[in-house]
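Please keep the sequence and the structure in view while reading.

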Amino acid sequence: MPDGSLSLPARLYLLAWDTKRLKITGTAQLHHLVRAGALTELAQRGLLVDDDGIAAPANLDTDTGDPVLDGLLELVRESRPRRWKTWVTLHARTTLDAVREQLAAEGFLRAERRRVLGVFSSVDYALERVAVVDALREEARRALEGPVPAAEVSERDAAVVALAAAAELRTLVSAKDRKRHRQRIEELTERSGAAAPALRRVVREVSAAVVMATTAASAAAASG
């Protein structure tokens, strides 16, 4: 998986890393953000389509060749019909786990196995390619701040910023950025689904579901 071909969910996961502190951020909502990225990419590729608010496979045969995306596509195919917002949260950690495993296999992460209480096996991940993440962040910041018009930003880059803003991913879009660039984020959200009106509706519904999941996670953390 060369750097330039990183999937949308992989990019969003890597962008959650604070490369100065070498720590992952936004863990409470990260699985929702990564799942939203996978749904959006499948919709942008035309492999998931909107059927009156339902995420529906376009066909039963075509795959992407990406194990993370294909894993989600298979899950949707084998499950009963569900709305886009449901898929943002349903079994979302399976997509997050798959992204981490994929990135570790490709050398972007280092998997460190340990035992909890001396019995249960657990895996921690450390960031290996800091320069790659910094380059991805710089690319996303250019999409957020311009000077290229939003209509000329690629749909994938636009989706990175739109979804990161929805999830309040502070390593890319701070609270001040969300306020200052509100109109630009709105334009990039539209650009994420530029291929068709139905796709724009999908991106908006997925983004709204990320906002709801993030708000719920923040409320739970505050009450805890």
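## The second largest pocket

The model shown here is predicted. Its second largest pocket holds about 210 Å³ of space. Tyr-13, Trp-17, Ile-24, Thr-27, Leu-30, Arg-93, Leu-96, Arg-100, Val-123, Asp-124 and Tyr-125 make up the lining.

Helix 2 (27-44), helix 5 (92-105) and strand 6 (120-127) each give at least two residues to the lining of this second largest pocket. Sorted by class, the lining has 7 nonpolar residues, 1 polar residue and 3 charged residues.

## The largest pocket

Helix 7 (155-166), helix 9 (182-192) and helix 10 (197-223) are the elements that supply two or more residues to the lining of the largest pocket. Helix 10 contributes the most, with 5 residues. The lining consists of 6 nonpolar, 3 polar and 5 charged residues.

## The cavity

How does one look for empty space in a structure? Rolling a probe the size of a water molecule over the atoms shows where such space is left. A cavity is a space where the probe fits but cannot get out, whereas a pocket is open.

How many cavities of 30 Å³ or more does a search of the whole structure find? The search finds 1. The largest cavity holds about 50 Å³ of space. Arg-11, Leu-15, Leu-136, Glu-139, Ala-140, Asp-157 and Val-160 line this cavity. Helix 1 (8-15), helix 6 and helix 7 are the elements that give two or more residues to the lining of the largest cavity. Helix 6 provides the largest share, 3 residues. By class, 4 of the lining residues are nonpolar, none is polar and 3 are charged.

## Helix 6 against helix 7

Two of the helices that line the cavity, helix 6 and helix 7, also pack against each other. Helix 6 covers residues 130-145. The axes of helix 6 and helix 7 are 9 Å apart, and the angle between the helices is about 85°. Helix 6 is therefore roughly perpendicular to helix 7, because angles of 65 to 115 degrees count as roughly perpendicular.

On the helix 6 side, the contact is made by Glu-139, Ala-140, Ala-143 and Leu-144. On the helix 7 side, Asp-157, Val-160 and Val-161 take part. The residues of this contact comprise 5 nonpolar, no polar and 2 charged ones.

Strand 3 (residues 48-51) and strand 4 (residues 54-57) run antiparallel and are joined by 4 bridges. Where is Asp-50 placed in this pairing? Asp-50 stands opposite Ala-55 in strand 4.

The two strands form a hairpin, with 2 residues between strand 3 and strand 4. Asp-52 lies in the turn and has a positive phi of about 55°. In a regular strand, side chains alternate between the two faces of the sheet.

Methods
Residues numbered from 1 in each chain as written. Predicted model: local features only at pLDDT ≥ 70, side-chain atom pairs only at ≥ 80, totals over all residues. Heavy atoms only, no water. Nonpolar A, V, L, I, M, F, W, Y, C, P; charged D, E, K, R; others polar. 1 Å grid on protein atoms, 1.4 Å probe; cavity = no way out; pocket = protein on both sides within 12 Å on 5 of 7 lines; lining within 4 Å. Points joined across faces, edges and corners; volume = space filled by probe spheres on them. Axes fitted to C-alpha atoms, helices over the stretch in contact; angles between N-to-C directions. Parallel < 35°, antiparallel > 145°, perpendicular 65-115°, else oblique. Contact = heavy atoms within 4.5 Å. Pairing = 2+ DSSP bridges.
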